[in-house]
Amino acid sequence: MNASANTIAGLDRILTMEVVRVTERAAVAAARLRGRGDEKAADQVAVDAMRSELNRLNIKGTVVIGEGERDEAPMLYIGEEVGTGKGPAVDIALDPLEGTTICAKNLPNALAVIAIAEKGSLLFAPDVYMDKIAIGPGYPEGTIDLDASPADNIASLAKAKGVPVNEVTACILDRPRHAKLIEAVRATGAAIRLIGDGDVAGVIHTTDPEETGIDIYIGSGGAPEGVLAAAALRCTGGQMQGRLILDTPEKVERAAKMGIADPNKVYRVDEMARGDVLFAATGVTDGNMLAGVKFGRNYITTDTIVLRSSSRTVREIKARHQDLDKF
């Protein structure tokens, strides 16, 4: 059996429940601080819980997308090794609390998120912004183009979907930098779902427009979040393009140190997340696709989605946890 086959077998062993436990623990920890107005505290407890659970997995894991560079993040920093060290070598992209502001304000769509892939399979992206465009599965390749105008992309998607433009809904982060983008999309007649935070969730929502009401994601957001979102789309067959925004010499230099030779390169899904990929997300707050953590008197409930690229499997896991001491 070759190394790749060994790695895939290893991914089989940690799928499904062991990966689910990682995001469940982080989500429950963060959910205890929902609506408390303390973003840092909510993020920290999620980080602590996710790291603790990761170190139980039989993997040789390296964090390639994490809480920041080593001098900025004491735990789950880029380059940190996690797991027992006894299993397959894997790359890990994670966000223990995607949407810290959302959680602090108890607004929709905060998530605990992780992606695990074969070693060397995830884009080693610096913590900069990325221009992104994404749609879900079922459309011809080339339906969207990062360099096309919003009007052209909306029209192309509407044609591929077989609907008029006014039946398309775009998800965009509500930021001042997107004012012209929002104006351009509205001029087409398409609807817009503005979100205050959490663009990983925004991209993932394109995978099931009948459930979420979102057909396309457009705009700029964090590059690490872009890699996480690409991992999810890699598992479902969606399309995504992204370009790092390296608008200062310092950012270009940082990217070069991470192996990025072409600062203008447009990355597609399989360039951001290659090989066999596992993706899991657990709801922290209620959202369009996942319910948030619920605290009962004698139990806790969680709602998780687990995706795998090699099999295109989508698992939805609603769990009731009665051993409260584990949380």
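Reply: S11 and strand S13 (residues 300-308) pair in the antiparallel sense, over 5 bridges. Two strands pair if DSSP finds at least two bridges between them. Strands themselves are DSSP runs (E, at least two residues), numbered from the N terminus. This is a predicted model, where local features need pLDDT of at least 70, side-chain atom pairs count only at pLDDT 80 or more, and totals for chains, interfaces and linings use all residues. Residues are numbered from 1 along each chain as its sequence is written, and side-chain values use heavy atoms, leaving out hydrogens and water.

S11 also pairs with strand S4 (residues 111-118), again antiparallel, over 7 bridges. Leu278 shows both partners. It stands opposite Arg308 in S13 and opposite Ile116 on the S4 side.

Val277, Phe279, Ala281 and Gly283 point one way. Leu278, Ala280 and Thr282 point the other way. Both sets are buried.

Now the annotated site. The UniProt "binding site" annotation, from an unreviewed entry, includes Arg175 and Gly222; such annotations may be inferred rather than shown by experiment, with feature names shortened and positions in the numbering used here. Gly222 lies in strand S8 (residues 216-222). Gly222 is buried because its relative accessibility is 16%. Leaving out residues up to four places away in sequence, Gly222 touches Val128, Tyr129, Met130, Lys132 and Asp199 (heavy atoms within 4.5 Å).

How values were computed. Helices (H or I, at least four residues) and strands (E, at least two) are DSSP runs, numbered from the N terminus. Buried means under 20% relative accessible area, exposed over 50%, partly exposed in between (1.4 Å probe, protein chains only).
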